[in-house]
Amino acid sequence: MRIALCSTFVPFIYGGARNIVEWLQVMLERQGHTVERVYLPEVDAPDLLFQQMAALRWIDLSAADRVICFRPQAHLIRHPHKILWFIHHIRSFYDLWDTPYRGFPDNAKYRGVRDALRAADNAALAEAKQVFTNSRVVSERLKKYNGVDSEILYPPVFDSERFECRSFNDEVVYICRMEHHKRQHLLIEAMSHVKTAVRIRLCGRSGDVSYADHLRALIQKHRLDDKVTIEDRWISEEEKVELLADCLAAAYLPLDEDSYGYPSLEASHASKPILTTLDSGGVMELVSDGDNGYVADPDPRSVADALDKFYMQRDETRRMGVRAAARLDELKISWTHVLERLLA
Amino acid sequence: MKVLIVNNMAPFVWGGAEELAANLERNLILAGHQAEILRVPFQWEPAEAIPTQMLMMRAFELWNVDRVIALKFPAYLIRHPHKTLWLVHQYRQAYDLFDAGQTNLPPGEQGEALRSMIREADQQAFAEMRSIYTISDVTKARLARYNGREANVLVPPVNDPERFIGGESQGYVLAAGRVNAMKRQHLLVEAMRYTSPKTKLLVAGPPDSAADADALQRLVDQHDLGDRVKLDLRFLSRDEYAAYVNGAQAVAYVPYDEDALAYVTMEASQAGKALISACDSGGVLGLARHGETGWVAMPHPEALAGVLDQAFADSRRTQAYGDGARERLHAMDINWPSTVGMLLQ
Amino acid sequence: MNIVIFAPGLKASAIGRMTGLLVRELSAQGHTVVLIRSEEKVLLSAVPQSFSVEVIDWLQTSAVDAACAQADAIVHQIGDNYHYHYGSLEWLSKYPSVVCLHDFYLGNLFFQWAQTHMAEAEQALLHWYGAGSNKKFFEYSHRQDFIELTCAAMPMTEWLCAMASAVITHSSWGIKRVLDSCAGPVRAVPLAYEVPAWDGESAVSNAEAHADGEPFNILTIGNVNANKRAASVIRALAQSEKLRRSAVFRLVGQCDTLKALELSALARNLGVNLVISGPVDDDVLAVIVRGADVVSCLRWPSLEAASASAIEAMLHCKPVVVTNVGFYREIPSDHVVHIDPDNEIDSLCKALEWLHAEPEARLALGRRAQAWASQQFTAAGYCRALLGVVDDMHMAAPILHSMRFFAQALSDWKTDTRWLGTSLALDPIRSLLGTTA
């Protein structure tokens, strides 16, 4: 089949939205399909949005047998066999409208843009043969704001067989971009309350230098040099596999994320339990407290308790790691399932 | 610097311009820049839908990009304060192909309106460019003739010169490149009817269609040339292809009115192989010089037979031509580092 | 919402009075309204009606800009009177605005504006009405029957509405030209009208009075123009023995001497009792209306988007005869008597004979008209619709903004912007107008 994978992008910004497209491309090509990747630039500035949306409507992809659309507003692309793997709305006009993240005034003009955008989205959603999302929260938003039913298709990681479980050392790893809303600081603060010899390792490139500096200052302040390792740099896939193979557990503590996040998925593939918090959002779809990890309150003491439990109750930790891997099957997080549904 | 290469995409088709964009991207990165390619779908049928696709290019917003290098119509219409044009081609059906009566623009007033729109949009886009380069003399001449725009030629360099090291002749003339009627490999096969028995020809490359391959095979069978003409009609790996070039007595490339120098002739020159071409082969003649880098013949089987034989008649002269071809290529200073430098000037 | 309304502030302007109702209603609903007087400079010295909100003259540029910059909605109340709407024409294209269109015919407004904007005016004529229209329009402008000559083919509706981001008008009959020219939302909304304090009880006594041979009063209000059909009323009355005997036909409003002499002569020759009252003030008018048995609102040709005198008569519980055309045709047939314009005099004679003979039916008709009109022509209803149109306008704005972007690109390429209206361009983006969840 000739399949066009359509998404929008900002040049030189590499995020999860690209991974899902590019990994799917490899998987489809391995199955013998001919794939064309169509990335088109999009900037979500309200005053520039509709001309870009018109441009998307004018694109002719009739050469494809079907198109699969990802990042907004790629779902506006016209095609008789359009499948959406909807990963988010332009959130400032949806769930972020009533928050400080809106970025423009709540007045008649912007309410007009909002209403027009929602109406255009509704029309585009109605054109799709099938609507998939990447998480429960996105499905819920589609239902709430657009009245559209969708099926959750959890995005798997690439070549998950790479991950393995070798041993359980004393270190909980947090492998993720360092950003304030990923809350590496919460994990550091927790370390000043632990009672065991558990250690943590934070690895990943920092989005902004000041946050990394803030983390280092926190380590200084709480005199945690010997308990916390911080690696502010790009972590290769091979390193990631190594770290997860031997760690005690993995942490993923974002604030209200839409989806469960690749860090928790990768940990599960390595049969390692996951530490997260009650307010992490999509991570809660994957992690249940005491089953495949711990769900702490978003405060340092509660997080510290969980860290200690990983360390103290090794058997339990090992058992939860096995459950973490099993949980992926329960949620059908696999490329086999993804391809089956997208090509149905 | 963040450099975005902007090109068209005919969905599910991968051709020379895509290859050029990919190689430019790779060489920009090698030169220490961040580079990415934006490929925007473009369908020129029906012609009436061309304007929407032109407007589409104007609508896109490029943020987080320091430089744009655009290659084709309508990709080069995109808005950006720092655009460089490296022109592969315009919409030729509104220019030289229109004059030649080979256009898909509808007749009458509507077609005229489309043509005028395309030309005006081009003029505006060219005026927006910080600098304009073309990939060939032909493209440069066309730009001057139709748009009154001066440009410098930046010939796309060979991507992997290290493969084309030359070597001992294995006793065949290589006819390489895509196989189709415009590339006229059939002229060379027919020429073999008139050549001396020791002249051998190898036609190697991917046929555009099964019909193109069948046509050549039929010629070979019909004239019973199987012992002196070998056909290897398929997509060749770079290694296989380079081995064929490096082992050739000479390299023949006789397309009809090609725009550019052509990779085949540049790679053959890089390998120090004498060139055989036809006098109506267009841009190829920038490298193929009769009596200097090889032979340029009339585009007829008999005439080509004469020069094929000559390639085997005096191997020292043939080698001298091959050396001449390599020198001529190097004198042109066609390599990626200087090309990238020019494009970012 | 912050709402800016451009309208004539003069008491003499019916549009100004209607705007006063809207301002009161909007303020009562909690909106902040700024009124910008739109009449030309010499008229601004006259004391305006009291609006009870901030009032600015259109000439106070920085104050107007400041008000518009803050506004969620900018509204222009416009009819076919250049002197009253001078300022609106100055400001209309500067900010995206709703136009409340009071007349579908704008030939007079346009003609006078054209005197100082000739190049643009010719451009507009050529754009909307094709080659030669620029010459023809100005040739006609010197003729007595200018309106009749231009109202069908060159009403200039499109010229004004193209400058609007949304249009509200007050009936549907002329709306096609509005839809063709305004890119934004267009809606027909019943005109807002003040319900008179008078409850219509005297209509009852009036109706009863006629049992014993009191005169049968027929009234026509407004400038006495040919299109108000006074001569037709006289001829219809003359056809009926009974009516000739008992009917009094009164004309209230400006009437030039020539016209008055002409009509008087006609009435005298045909034995019809005609009274030409000339203009009267509001209080006297109210008394006259109360005393009327039938109000004639015949019009031919009919140019207005809504007729204030017909609405006023209905609100006063009066039986009204109207020509079956334009705005009047849209009034339900059991609330007025529709007169066939192709058989005007016979049709009118029959209607008046019936109304004369049946006081009960007359009263019932007046009551139905009053009940309907007092629901239909309300400031509350008008404001609700206006705010709805404002929302629609803001929703259409991003799409229109993008269309302007593309139109600009096309003009840069010296290409006709109408190309954007072709189905190849438009069909794919139609869905941007969306559907609601």
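Let me start inside chain C of this predicted model, where 12 residues of domain 1 of chain C are in contact with nine residues of domain 2 of chain C. On the side of domain 1 of chain C that touches domain 2 of chain C, six residues are polar, five are nonpolar and one is charged. As for where these domains run, the assignment gives domain 1 of chain C as 2-106 + 155-188, and domain 2 of chain C as 201-377, and their C-alpha centres are 31 Å apart.

From there I turn to the neighbour, chain B, which places 11 residues in contact with nine residues of chain C. Two elements of chain B, α2 (50-59) and α4 (108-128), each give two or more residues to the side that touches chain C, and it is α4(B) that supplies the largest share, with five residues. Sorted by class, that side of chain B has five nonpolar residues, three polar ones and three charged ones.

Finally, chain A, whose secondary structure comprises 12 helices and 12 strands. Along the principal axes, the C-alpha atoms of chain A fill a box of roughly 60 × 50 × 35 Å.

How much of chain A is buried? Of its 344 residues, 48% are buried, and, if we take the contacts in chain A with a separation of 6 or more, 69% of them are between residues 24 or more positions apart.

Note on methods
Residues are numbered from 1 along each chain as its sequence is written. Chains are lettered from A and ligands numbered from 1 in the order in which they are written. This is a predicted model: local features need pLDDT of at least 70, side-chain atom pairs count only at pLDDT 80 or more; totals for chains, interfaces and linings use all residues. Two residues are in contact if their C-beta atoms, placed from the backbone, lie within 7 Å. Helices (H or I, at least four residues) and strands (E, at least two) are DSSP runs, numbered from the N terminus. Ala, Val, Leu, Ile, Met, Phe, Trp, Tyr, Cys and Pro count as nonpolar, Asp, Glu, Lys and Arg as charged, and the others, Gly among them, as polar. A residue is buried if 20 or more other C-beta atoms lie within 10 Å of its own, exposed if 12 or fewer, and partly exposed in between; C-beta atoms are placed from the backbone. Domain bounds come from an automatic or database domain assignment.
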